[in-house]
There are 2 protein chains.
Amino acid sequence: MKLKVKALNFETGNIKVVVLNSKDAEKLGQKAGERVQLKSAKSKISKPLIAILDITYSDSLIAQGEIGIFLDTLKNFENLQNHDEISVGPAQTPDSFEYIQKKIRGMKLTSEEINSIINDAISGHLSQIELASFITGVSINGMDDYEMTALTLAETRSGEYFNFGPDVFDKHSTGGVPGNKVSLIIVPIIAATGLLIPKTSTRAITSPSGTADSMEVLAPITFDSEQLKKLISKENACIVWGGALDISPADNILIEIERPLHMDPIGLMIPSILTKKLSMGVKNLVLDIPCGPGTKFPTPDQGRKFAIFFKEIAKSVGIHAECALTLAHQPIGHCIGPALEAKEALTLLKDYSAGPNSLIEKSADLAGILLEMAGKAQKGKGQGLAKEILRSGKAYSKMKQIIEAQGGDPDIKPEDIKLGRFQKEFHAINAGHVTEVNNSIINKIAKAAGCPHSKASGVEVYKKQGARIMEGDLIFKIYSDSQNNLNKAEKIYNKTGGPIILGGMMIERV
Amino acid sequence: MKLKVKALNFETGNIKVVVLNSKDAEKLGQKAGERVQLKSAKSKISKPLIAILDITYSDSLIAQGEIGIFLDTLKNFENLQNHDEISVGPAQTPDSFEYIQKKIRGMKLTSEEINSIINDAISGHLSQIELASFITGVSINGMDDYEMTALTLAETRSGEYFNFGPDVFDKHSTGGVPGNKVSLIIVPIIAATGLLIPKTSTRAITSPSGTADSMEVLAPITFDSEQLKKLISKENACIVWGGALDISPADNILIEIERPLHMDPIGLMIPSILTKKLSMGVKNLVLDIPCGPGTKFPTPDQGRKFAIFFKEIAKSVGIHAECALTLAHQPIGHCIGPALEAKEALTLLKDYSAGPNSLIEKSADLAGILLEMAGKAQKGKGQGLAKEILRSGKAYSKMKQIIEAQGGDPDIKPEDIKLGRFQKEFHAINAGHVTEVNNSIINKIAKAAGCPHSKASGVEVYKKQGARIMEGDLIFKIYSDSQNNLNKAEKIYNKTGGPIILGGMMIERV
């Protein structure tokens, strides 16, 4: 069928979609969601373009004889213009769709089949609903170690990957605990010993701050691959935003569908972590697995099972991984929010005695594992060495170099970091001791205050579990960029009673 | 966040989608696929409108400060114009999404939960990928009889439903056998006895012709609900296209996603059949279940299990159903394609002796069950009565009345029906007997010839299983509206060797 192109001034993202009038679609025998192939006499592309069909019943949008092509699909045709004639016919369903159905029927996929799914996801030949169906199938039927290995490799091949030599270290966290600014401490500790650690991180998705958000308070974090190579050759370390690099775009496509589905099945989560590390040339990895309510692993037992599985698949893609199950019952340190977390990390790097203890212990635990893996410390001595490097100021010197290399001010002082000028302090109305610090309430308040978009917004927790409190003690503070957001955050505090739960000594009155 | 409306000259179908610039989305803390709520000062609607968020990185499409609203979503706001200001904020995920996740986790849903999913599907509050995930979850984890009953009722409530009194009859087929024009015979047989049979049917989806396509050769099939009521009060029967009525729109929304996913799980199939019948006020139903390769039930055992399940759920929604497992190894009758099938049915109605036998037997079998259910015939005597009504010409008289009531020519003769003028006959190149008639090859050839869009196209099978063939006998014929399509169909015949497989008498040479 010959149709005239009508350019639609809109993008459809990765998926290639074209629109026909319902009457033409009926003539073609095609329904919405099915595939058509497009050929242009003018185009130099010998292979026809495959696109997903959408249908309109409105003749004023797309009349009979017209085909609506979105801007990003139009780019795939050289020289094709509005009103050009194009030939349209039914296209076969790609083989990858059969493999998706195979997974839905509970069968194992071969590496060729997984490659085919990933290639078609990248080229836009699988529709959003087909990918949603695949992700749901994996959520229910799982993936075994062979499949996860194949998926990791296929995702990695979908983008750029780096080779920084045989000894490349990194850390990653499965997330779920607020205030987890440990990367800002671990990277300079490891880099100070001369080890190579090309840390990429994400911005916050559902939390008040990601490592990328906090680091951005201290220095730029957006670099392309050439700039990244220069950073690494200069400082053997970086803390950059992974989103600016073209590493594992196939993983990003899956994540874009997993997120609105609130799905993060282990069969996709492990490949997602490993492909990002593999793309960065990482050979040795410590994985932080926070366990507890609100994290991906409510019990240590679940975290342990995941860790064993993770290590095995890491090994099969050439990464030596060690895992640490960590406490997640309350925030790490006292500060939550991009600027507050950057400030707390910088304070500790400058002055070990400033603490906070939970941040020192957790950072040194994870850094210590990496130092032992690298042979820099004997087994059991890694944490001590990490603390020594931190205490000595060597980690701070290294952090200053990293900040400078990334284009930040190396002499930035904690007190230079701007915090939200709208502030509200909360004081204890009773004496007692802290029995619980509720992460979920903290996240809600911090996000209401403006996190992560407003970097200066956040919260500070003055008293944590076990602390003794006197009536009137300062226990909590909210920072915000706007009075309006501060009010919203304050409202959540008042409605929930706040995240800091006090108890007396009496358990029960009989 | 206050944004200026930019009307997007495009429809998004049932799903409500709005588009933000990526920077505004980041400020809102919202990602693509998440939900936002929209409030307009000008709109009289007190409840905010919920929409699914899409994001663009192109400032020229949607600049910061703008919100792209598609035509069909814009209609939901009274008086809202291009460039008006609107307030946008994050919206909560609807409860129905949690119920979808519950199904994915393998749990049973309550009727309230199913209602909630159906209501949100209808109002556009569930996105395509969420519905795709639900359908995949049902495909893998199934639905029990309680859930299917609730789904049938919820789907029925989503649209219009009719009440034609306590004695309403109907037939339905689970499909998969070519040339199945039995409804054109059964409806007039049943209606001739005075019973009420408001038959709605579909156009072909994957087959060369649906009942609606074939009936349309004889009379118009598109009626609204008022016209339908008049038809029924006049003739106590009709054969119309269900798609023109607003019955069970929720079922249509699910089908629109099931089709491109090639999914038709029993948990959705049974409610889909029953909701359409329930909406038409049907109280007694005979279900034709073709069993064999290429149908939904490859073995009679699978068909039998389905039948037992179907009857139970039908009963729980107030429909008395009987099922017939039927042969599906070769076409019913000889003709495939809208016009050819209409012609074959009309020929039989006019002249019982014209046959074909398979069409008489199958139509009388199914009609006979309905006559027994209605008490018009004793148990075991229904088929005989059906044949008698057909032989007597009473069914033909009734069909003429139905055709006339629907606006067709009641005196149309079989030879008046126009067949494709591009024709190709195939003759046997050897003697032997027919060991197989391949349905799948027939469907491919008929569709290549132009079915179902080109009504005059189709194929005729002259010799069926068991027939003795002499060299040179006419065995197969293709009809098409265009030389080009005839060539395509002929090519498939030559490549596959055709659908009619001949064997000699020898089984094996030792």
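## Basis

Local features in this predicted model need pLDDT of at least 70, side-chain atom pairs count only at pLDDT 80 or more, and totals for chains, interfaces and linings use all residues. Residues are numbered from 1 along each chain as its sequence is written, while chains are lettered from A and ligands numbered from 1 in the order in which they are written.

Helices (H or I, at least four residues) and strands (E, at least two) are DSSP runs, numbered from the N terminus.

## Where chain A meets chain B

On chain A, 35 residues are in contact with 35 residues of chain B. Contact here means that the C-beta atoms of two residues, placed from the backbone, lie within 7 Å.

Four helices of chain A each supply at least two residues to the side that touches chain B: helix 1 (22-28), helix 3 (95-104), helix 5 (128-141) and helix 10 (249-258). Helix 5 of chain A gives the largest share, 10 residues. By class, this side of chain A has 11 nonpolar, 15 polar and 9 charged residues. Nonpolar covers Ala, Val, Leu, Ile, Met, Phe, Trp, Tyr, Cys and Pro; charged covers Asp, Glu, Lys and Arg; the others, Gly among them, are polar.

## Helices 3 and 5 of chain B

Two packed helices are described by the angle between their axes and the distance between the axes. Axes are lines fitted to C-alpha atoms, for helices over the stretch in contact, and angles run from 0 to 180 degrees between N-to-C directions. In chain B, helix 3 (residues 95-104) packs on helix 5 (residues 128-141) at an angle of about 30 degrees, with the axes 8 Å apart. Helix 3 of chain B is therefore roughly parallel to helix 5 of chain B. The cut-offs are under 35 degrees for roughly parallel, over 145 for roughly antiparallel, 65 to 115 for roughly perpendicular, and oblique for the rest.

The crossing of helix 3 and helix 5 of chain B is left-handed. That term applies if the near helix is turned anticlockwise from the far one by less than a right angle; clockwise gives right-handed. Helix 3 of chain B brings B:F97, B:I100, B:K103 and B:I104 to the contact. Helix 5 of chain B brings B:E130, B:S133, B:F134, B:G137, B:V138 and B:N141. The contact has 5 nonpolar, 3 polar and 2 charged residues.

## Helices 9 and 16 of chain B

The axes of helix 9 (residues 225-235) and helix 16 (residues 394-405) of chain B come within 10 Å and cross at roughly 150 degrees. That makes helix 9 of chain B roughly antiparallel to helix 16 of chain B. Their crossing is right-handed.

B:L231, B:K234 and B:E235 of helix 9 meet B:Q401, B:I402 and B:A405 of helix 16. These residues divide into 3 nonpolar, 1 polar and 2 charged.

## The 16-14-18 sheets

Chain A has an open sheet of 3 strands in the order 16-14-18, with antiparallel pairing. Strands pair if DSSP finds at least two bridges between them. Strand 16 (468-469) and strand 18 (500-503) of chain A are the edge strands, each pairing on one side only. Strand 14 (residues 432-437) of chain A is joined to strand 16 by 2 bridges, and A:H433 stands opposite A:R468. Strand 14 of chain A pairs with strand 18 over 4 bridges. Here A:V437 has A:I500 as its bridge partner.

In chain B, an open sheet of 3 strands also has the order 16-14-18 and antiparallel pairing. Strand 14 and strand 18 of chain B pair over 4 bridges. B:H433 faces B:G503 across that pairing, and B:V434 stands opposite B:L502. Strand 18 of chain B has a covered face, B:I500 and B:L502, and an uncovered one, B:I501 and B:G503.

## A:T202

A:T202 sits in the loop between strand 8 (197-201) and helix 8 (211-218) of chain A. A:T202 counts as partly exposed because it has 16 C-beta neighbours inside 10 Å. With C-beta atoms placed from the backbone, 20 or more others within 10 Å make a residue buried, 12 or fewer exposed, and counts in between partly exposed.

Not counting residues up to four places away in sequence, A:T202 touches A:G210, A:A212, A:G242 and A:G243. A:G242 lies 40 residues from A:T202 along the chain, yet their C-alpha atoms are separated by 6.1 Å.
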